[in-house]
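Subject: Structure for you to look at

Hello,

Here is the structure I said I would pass on.

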Amino acid sequence: MKHVEDALLVILLLALVVFAGAQIGARNLFDAGWIWGEQLVRVGVLWVGLLGAVVASRDDRHLRIDVVPRLLPPRGQVACAVIAHGVSAGVCAVIAWHAGEFVLAEREYGAAGIGAVSGWVLQAVMPVAFALMAMRHAAHVLRATARW
Amino acid sequence: MVIALILLALALLGVPLFAVIGLGALLAWAGIGVDLQVIAIELFRLAEMPVLVAIPLFTFAGYLLSESGAPGRLVRLTDALLGWMPGGLAFVALAACALFTAFTGATGVTIIALGALLYPALREAGYPERFSLGLVTTSGSLGLLFAPSLPLILYGVVVQQLQVGQPVSVDELFRAGLVPGLLMVVLLAGYGLWVTRGTVQRSRGFDRTLVLAAVRESVWEIPLPFVILGGIYGGYFAVSEAAAMTALWVLAVELLIRREVPLARLPSVLRESMVLVGGILVILGLSMASTSYLIDAGVPQQLFETVQGLVSDRTTFLLLLTIFLLIVGTMLDVFSATVLIVPLVAPVALAYGIHPAHLGILFLANMQLGYMTPPVGLNLFIAAYRFEQPIHTVFRAALPFFLLLLAATLLITFWPALSLWLID
């Protein structure tokens with residue numbers, strides 16, 4: 001799982017770098033960019049960002065204020081970690097659920113995508129990423145309780 | 001109000017900020033009976049902003065550069081160009097760090113990548129230990145105001161989303177930051193000159209062969225600042241175009257020519273850079289959901305009316321804003337602060353007639369100070385860790401630099417022309 005996420009993230013980022021560069025080169029040098037190219041780059045940013053967020057959840061590296069937990073005794077730190085990851089897991093799960101409903105509705109409706117790719121496929125990264133994040137944070141809760 | 005206090009308490013207990021913001025947005029929208037699919041709709045707006053691609057691309061390029069031999073070459077090049085002047089080495093350190101931080105986005109990478117080269121060099125050249133430590137600590141966030149710094153891009157994106165007052169583009173912000181950023185570098189360089197007056201000998205005169213050698217060595221990196229700074233400041237290309245070219249250039253040079261980062265290490269460098277980007281983008285995406293609720297509920301308008309009832313003139317407002325931002329800066333990192341605080345502050349500040357570009361520069365100048373203040377000053381921790389010094393020693397060493405930057409920040413705040421000079 002870990003390797004799949006990492007590999008996907010790295011491949012997507014490299015594709016984004018090469019494609020965004022080629023796109024701009026083509027537009028400026030030959031005056032012939034692709035209409036769907038810019039859309040693809042923008043969606044690529046969403047995908048790379050959300051996959052990066054999944055890895056940040058896994059490695060517990062999201063931005064946070066960690067003044068109070070640092071001042072607490074070990075058990076207090078465990079309690080803070082449980083609260084932090086518990087809240088994160090819950091929020092991610094709720095977002096994943098509603099994002100899933102949104103994607104299904106878009107599929108039903110047949111929202112426009114890029115070329116032959118339907119809109120809902122491009123949006124599907126949202127529920128998937130938040131579901132993965134919810135699982136990661138739930139796993140962190142379990143790991144933290146083991147330290148009690 | 002109760003919800004806001006609970007969210008604040010959760011944030012202080014160390015709940016990741018994206019989850020706090022997401023929870024706030026969920027509760028707010030659910031509270032007025034709106035379908036929570038709205039969160040996904042707002043989140044997908046991340047895929048509708050062309051300028052946003054600059055964030056992953058510049059971060060990628062910055063991380064890859066810092067893993068290569070570029071930091072060493074940058075120091076040697078600036079040394080060859082500036083090192084012969086009185087107070088030269090301090091100036092070298094400041095200039096190199098500012099340039100490097102602009103590329104890597106003030107995440108402390110500069111202290112690790114450049115500080116390790118500059119600190120011993122400063123000590124060897126006879127600079128006092130405290131001065132040297134303070135300088136490298138400060139350098140971790142100096143350069144925040146120069147293109148293509150990530151926080152400037154992020155501020156531009158956030159303000160554009162608000163759609164209040166006159167629109168401001170990221171290009172304009174890059175131009176606005178130039179003079180204030182130079183002011184900071186020059187002030188600190190002057191301090192370096194004063195501290196070392198009479199003690200540090202000039203080591204050599206201007207040496208042409210040294211310059212030529214350094215230029216030849218850095219031949220693949222030298223085009224970068226010209227492409228980015230020249231291209232953007234000169235208005236030749238858009239920010240996202242400069243980002244795409246930079247990223248592709250750095251990748252090609254690193255993979256095909258330099259080969260300083262082993263291929264096996266490349267994936268982990270890429271992943272590291274995207275952990276930061278993911279953290280920023282998920283906060284940005286969810287905060288768009290919470291911000292659009294706030295706008296829907298008329299909160300910025302209420303906030304403005306409340307503030308205007310208490311503060312009548314612009315100067316007092318700016319003074320209070322500075323104090324508020326300094327406190328915010330001690331708690332929040334620059335990315336979270338930009339996404340969370342700007343949507344609340346900007347509508348009020350703009351209503352007082354403050355230019356959005358000026359607001360951005362003074363906002364980031366204040367946040368830069370936050371990197372050097374306890375309890376969460378990132379620069380302090382990284383320098384303490386990197387140079388194996390107690391944190392209070394690092395703080396004392398950085399204090400004169402902090403005070404100078406505070407003076408610069410006040411100057412920037414109350415003298416808008418500094419920021420607006422290159423715009424109008």
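How many of the 424 residues of chain B count as buried? The share is 59%, where buried means under 20% relative accessible area, exposed means over 50% and partly exposed lies in between (1.4 Å probe, protein chains only).

Some ground rules. This is a predicted model, in which local features need pLDDT of at least 70 and side-chain atom pairs count only at pLDDT 80 or more, while totals for chains, interfaces and linings use all residues. Residues are numbered from 1 along each chain as its sequence is written, chains are lettered from A and ligands numbered from 1 in the order in which they are written, and side-chain values use heavy atoms, with hydrogens and water left out.

Chain B

Chain B has 21 helices and zero strands; helices (H or I, at least four residues) and strands (E, at least two) are DSSP runs, numbered from the N terminus. Its radius of gyration is 22 Å, close to the 22 Å from the globule rule for 424 residues, so chain B is as compact as a globular protein of that length. That radius is taken over C-alpha atoms, and the rule is 2.2 Å times the number of residues to the power 0.38. Along its principal axes, the C-alpha trace of chain B spans about 70 × 45 × 45 Å. Of the contacts (heavy atoms within 4.5 Å) in chain B between residues at least 6 apart in sequence, 80% join residues at least 24 apart.

One helix to find is H6 of chain B, residues 88-104. From first C-alpha to last, H6(B) reaches 24 Å, close to the 24 Å expected for its 17 residues; the expected span is 1.5 Å times one less than the number of residues. After H6(B) comes Gly105(B), with a positive phi near 80°.

Chain A

Chain A has six helices and zero strands, in the order α-α-α-α-α-α from the N terminus. Its radius of gyration is 19 Å, whereas a compact globule of 148 residues would have one near 15 Å. The C-alpha trace of chain A spans about 65 × 35 × 25 Å along its principal axes. Buried residues make up 49% of chain A.

Regards
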